[in-house]
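Biologist: I have the sequence and the fold open. Walk me through the packing, please.

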Amino acid sequence: MKTNATVVLGAVAYDPKVVTIWDGFQAWFRARGVDFDYVLYTSYERQVRGQFRGEFDVAWNSPLAWLQTVRVARAAGRTARAAVMRDTDRDLTSVILARADGPVRSIDDLRGRTVAVGAGDSPQATLIPLDHLAEKGLAPERDFTVRRFDVLLGKHGDHIGGERDAARALAAGEVDAACVLDANHLGFGRDGTLPPGSVRVVAQTRPYDHCNFTVLDTAPAEAVERFVKLLRGQRYDDPAVRPLMDLEGLHAWEEGRTEGYAALESAIDRFHTVDDFVRDLVAELKA
């Protein structure tokens, strides 16, 4: 049994590097008096359930898992807060790409065509860009066909496998457009998936935020605040943590904020993405 002096993290094993990251953080925190441990889950849905069941104290959540947690907490009379996020979790955008040598030059040119997206639960490669198109008057599966690349459902697109497959389908001429995170668009240019000059940006979404450390109202307050304070105090120029921060893709930890989830809120409301999950978990908690 863990005590209030222990902070246990819940995280999703979307890549082998996850073990390296949290093993490293475990040693770093324990050297500073925080008995830090972690448990890994195969999906964010299992992780969200685990947090409400008291299996750990702090969740490293995807944006979709954050909204799942918020909605379950609200319905169950609980509260959740976004305690910390990476500097790189703020103000992201997604882009809708078309081949530079093709006929698609605007959103309206997508009518009657095929748009590739990532996994069905990917905020950046599916939900937010499809909602953006719907806001512009093009409804998925009514005005255009959606081709989903459902790689590792439950991991909310963290692995970018489906996103990369969507980009490859565009490069091969199998689809007319592809939805990807703007940063991944740049990465795909560097690694040759989408060679520079081969695609054009047809549309770009409004900015949104990504992951955060989520804390429920039942978490051990003193231990969690010690964890948060130490985390926020990490510095990129510290050789003890820089390799871990590089693996986790950040330069600094920032205070958590929630206003950056509006775009994803709009998408899950439009597509009813989390309705069944929230209903079922609330019923389970009240049983």
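Modeller: Helices (H or I, at least four residues) and strands (E, at least two) are DSSP runs, numbered from the N terminus. This is a predicted model, where local features need pLDDT of at least 70, side-chain atom pairs count only at pLDDT 80 or more, and totals for chains, interfaces and linings use all residues. Residues are numbered from 1 along each chain as its sequence is written, and side-chain values use heavy atoms, with hydrogens and water left out.

Biologist: Where does Q234 lie, and is Q234 buried or exposed?

Modeller: Q234 sits in the loop between α7 and α8. Buried means under 20% relative accessible area, exposed over 50%, and partly exposed in between (1.4 Å probe, protein chains only). Contact means heavy atoms within 4.5 Å; leaving aside neighbours within four places in sequence, Q234 is in contact with F25, W28, V241, M245 and W253. Its relative accessibility is 2%, so Q234 counts as buried.

Biologist: How are α1 and α7 oriented to each other?

Modeller: Axes are lines fitted to C-alpha atoms, for helices over the stretch in contact, and angles run from 0 to 180 degrees between N-to-C directions. The axes of α1 and α7 come within 11 Å and cross at roughly 105 degrees. Angles under 35 degrees count as roughly parallel, over 145 as roughly antiparallel, 65 to 115 as roughly perpendicular and the rest as oblique. So α1 is roughly perpendicular to α7.

Biologist: Which residues make the contact of α1 with α7, and how do they divide?

Modeller: From α1 come F25, W28 and F29; they meet F227, L230 and L231 in α7. Ala, Val, Leu, Ile, Met, Phe, Trp, Tyr, Cys and Pro count as nonpolar, Asp, Glu, Lys and Arg as charged, and the others, Gly among them, as polar. The contact divides into 6 nonpolar, no polar and no charged residues.

Biologist: Which residues touch the most other members of the largest nonpolar core?

Modeller: A nonpolar core is a set of buried Ala, Val, Leu, Ile, Met, Phe, Trp, Tyr and Cys residues joined through side-chain atoms within 4.5 Å. The largest one has 33 residues, and the residues touching the most other members are W22, F36 and F213. Elements that each supply at least two residues of this core include β1 (6-12), α1 (17-30) and α7 (221-232). Beyond four places in sequence, the contacts of F213 include W22, F227, L231 and W253.

Biologist: How are α3 and α10 oriented to each other?

Modeller: Helix α3 (residues 63-75) and helix α10 (residues 275-286) have axes that come within 9 Å and cross at roughly 45 degrees. Q68, R71, V72 and A75 in α3 meet F277, V278, L281, V282, L285 and K286 in α10. That contact divides into 7 nonpolar, 1 polar and 2 charged residues. α3 and α10 are therefore oblique to each other.

Biologist: Is A203 buried or exposed?

Modeller: A203 belongs to strand β9 (residues 199-204). Apart from neighbours within four places in sequence, A203 is in contact with S94, V95, I96, I107 and H132. At 7% relative accessibility, A203 counts as buried.

Biologist: What is the phi of H272, and where is H272 found?

Modeller: Most residues other than glycine have a negative phi. H272 is found in the loop between α9 (262-271) and α10, and counts as exposed at 53% relative accessibility. Its phi is positive, near 55 degrees.
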